[in-house]
Amino acid sequence: MATAARKSQKSQQSERPSDKLTDDQLLQLYKSMVLGRKVDERSWVMNRQGRAPFHISGIGHEAIQVAAAATLRPGYDWFYPYYRDLAFVLAMGMKPVDHLRGLLGKAGDPSSNGIQMPSHYSNAKLRIGSISSPVGTQVPIAAGTALASKLKGTDEVTVVCLGEGSTSQGDFHEGLNWAGVHKLPFICIVQNNQYAISVPMEKEMAVKNVADRAIAYGVKGLVVDGNDVLACYDVMFEAVQRARNGKGATLVEAKTYRVTPHSSDDDDRTYRSRKEVEKWKKRDPIMLFEKVLFERGILTEDLRQEIDAWAIQEVDQAEEEAINSPYPDVSEMTKHLYGPMPNWEEA
Amino acid sequence: MAIMNNIEALRTTLRQEMERDPRIIITGEDVGPRGGVFRATQGLYQQFGEKRIIDTPLAELSIVATGIGMALTGYFKPIVEIQFADFIFPAFNQILNEAARMRYRTRGDWTVPLIIRAPYGGGISGGLYHSQSVEAFFAHIPGLYVVAPSTPYDIKGMLRAALQLDDPVLFFEHKKTYRLIKGEVPEDDYVVPIGKAALRREGDDLTVISYGLAMHDAVKAADVVAAEGIRADVIDLRTIRPLDKDAILNSVKKTGKALIVHEDNPTVSVSSEVAAIIGQEAFEYLDAPITRLTPPDVPAVPFSPPLQDAFMLNPKKIAQAMRELAAY
């Protein structure tokens with residue numbers, strides 16, 4: 001890894017923050033990953049059944065997402081997700097039915113009540129900011145939010161996610177620049193899954209690590225194995241501490257892989273080999289974490305099956321609820337354009 | 001009552017409102033110790049400090065985006081300055097796809113109470129890129145308010161109104177009016193409602209609809225032709241989105257003739273929209289074709305003095321168009 005963006009020596013030598021996680025907390029991380037995965041897999045099924053017009057998947061990204069969520073204070077810290085953050089928003093307090101209502105364009109989806117495409121998450125009560133589809137726009141917006149927290153004198157942290165493809169946008173550059181100039185309580189998590197739809201990383205950038213760019217903005221850059229949930233936790237723990245204690249911003253790059261096509265409308269066989277995909281499936285973050293939990297005696301085969309059954313039941317219930325939800329009334333289309341106009345009388 | 005020019009009215013109102021509301025923050029290029037290239041924020045940094053008057057990187061996209069991010073928290077009411085309207089386009093996506101759509105796409109859960117100020121317009125030797133009129137691009141966007149006040153009275157009243165809204169406002173100031181236009185500014189806390197036009201001259205023969213610097217030229221033209229016996233209503237739109245349809249239609253139904261005058265390009269412009277409204281809702285009242293007077297449909301104002309003069313509207317050109325329409 002590049003010198004500018006390596007894990008700090010300190011965290012390698014001393015006790016890792018994840019060493020302090022209790023067995024219950026570790027199992028909670030695992031359950032979050034499994035739940036995110038099951039909701040995602042069900043979304044694919046519903047799409048292939050012809051019931052959901054579109055799905056965009058986060059399968060393979062769960063480790064960094066649930067690890068990051070575990071280091072934050074949901075509803076207190078500000079979070080700007082991107083469209084692969086299903087496991088992340090669930091871990092922050094959104095419900096499987098929220099995602100599945102969105103998937104079907106049903107009423108009651110807190111993200112947008114059927115206005116936006118699926119996976120464009122938002123939840124004001126949880127301080128989960130709303131995202132659009134032009135990528136990277138959320139980065140400088142998140143910098144503004146972090147600046148507001150700082151000027152207000154709070155210790156809130158703002159986290160923003162995006163894929164490595166979006167880091168080619170000017171928005172990313174400008175947002176990171178603000179984060180450096182104002183030493184913001186800001187963490188930018190790049191989930192580097194190595195493809196911008198079909199374009200491989202070497203055609204996106206000339207550097208090996210997105211986080212190598214951090215030094216140019218005066219922020220800390222950290223690279224982590226995005227499929228190793230405990231390593232992700234360690235890195236995020238450090239980043240959150242820096243942000244919370246006024247030490248400034250961090251660019252976290254989680255190296256992972258998109259094992260699915262870009263979306264339900266994509267066919268990734270046209271641009272990458274099955275061999276490559278199969279190789280990465282063997283590094284599935286849930287499988288890797290199971291291995292650790294088995295080794296530590298925290299997970300047993302019985303418990304694994306129990307957790308699986310629990311997650312499937314959650315998804316079954318959510319699916320039923322989403323299917324039985326009404327569509328938004330057509331009158332919704334012309335609502336929420338503007339807030340109420342004050343009752344002005346000209347002097 | 002104080003007599004001020006437009007920039008003094010702007011600066012004074014910014015100061016008064018910041019004194020009143022600690023949530024107001026100003027950001028932009030050179031808004032700090034320099035006080036803005038047009039002096040809109042002169043003295044404010046010295047009074048309110050660097051936490052409320054924030055000099056930014058030279059990057060319009062993130063000036064707007066960070067304003068959105070601050071507004072979303074509800075902690076602050078940002079007023080961001082784009083130094084010249086010509087430079088706003090790196091931020092166009094942030095304005096169109098983020099600020100303007102936020103309320104709609106979240107069903108009102110998130111709102112963006114953000115004011116984006118931008119000097120626009122020509123006649124100051126600014127050439128292609130310091131003279132543009134950009135309002136039509138933004139007037140097309142549901143979710144935005146677009147205003148273009150052009151008197152000291154309106155600048156105060158409409159800035160105060162904009163600060164009371166919970167949605168993004170594009171606040172366009174014609175830069176040639178900054179020091180050219182003077183007027184009385186009352187000290188009391190009045191508001192000029194967003195979405196309400198003003199009648200600057202009154203007459204039965206034709207209606208002139210305008211805004212910005214061109215509106216001031218139209219008033220002068222109306223005074224000239226009045227001496228010839230042509231009496232015109234001169235409407236100052238003041239707000240571009242939403243347009244004051246009642247003011248437009250009431251006047252045109254009275255006069256039967258409409259001349260729309262602005263400095264922006266004619267194609268798919270404010271005059272296109274005003275003409276469509278009149279054509280659709282006052283057709284039976286018309287005694288003449290709906291007429292437009294604008295500069296030629298070229299990119300913006302050329303630099304060379306004779307070309308700039310040829311581009312810009314003036315009272316003489318407007319008076320001539322008024323005579324022709326009155327004679328129809």
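Mentor: Let us begin with terms: two strands pair if DSSP finds at least two bridges between them, and helices (H or I, at least four residues) and strands (E, at least two) are DSSP runs, numbered from the N terminus. This is a predicted model, in which local features need pLDDT of at least 70 and side-chain atom pairs count only at pLDDT 80 or more, while totals for chains, interfaces and linings use all residues. Residues are numbered from 1 along each chain as its sequence is written, and chains are lettered from A and ligands numbered from 1 in the order in which they are written.

Trainee: In which sense do strand S3 and strand S7 of chain A pair, and over how many bridges?

Mentor: Strands of a sheet pair through backbone hydrogen bonds, either parallel or antiparallel. Here S3(A) (residues 186-192) and S7(A) (residues 250-255) pair in the parallel sense over six bridges, and Val190(A) has Glu253(A) in S7(A) as its bridge partner.

Trainee: What is the order of the strands in the open sheet of chain A?

Mentor: The five strands follow the order S1-S2-S3-S7-S6, with parallel pairing. Strand S1 (78-80) and strand S6 (220-225) of chain A stand at the edges with a single partner strand each, so one side of each has no neighbour in the sheet.

Trainee: Which residues of helix H13 of chain B are buried?

Mentor: A residue is buried if 20 or more other C-beta atoms lie within 10 Å of its own, exposed if 12 or fewer, and partly exposed in between, with C-beta atoms placed from the backbone. In H13(B), the buried residues are Ile318(B), Ala319(B), Ala321(B), Met322(B), Leu325(B) and Ala326(B). Taking the arc as that of the directions from the helix axis to the C-beta atoms, they cover only 165° around the axis, which puts them on the same side of H13(B). The face turned away from that buried side carries the exposed residues Lys316(B) and Ala327(B).
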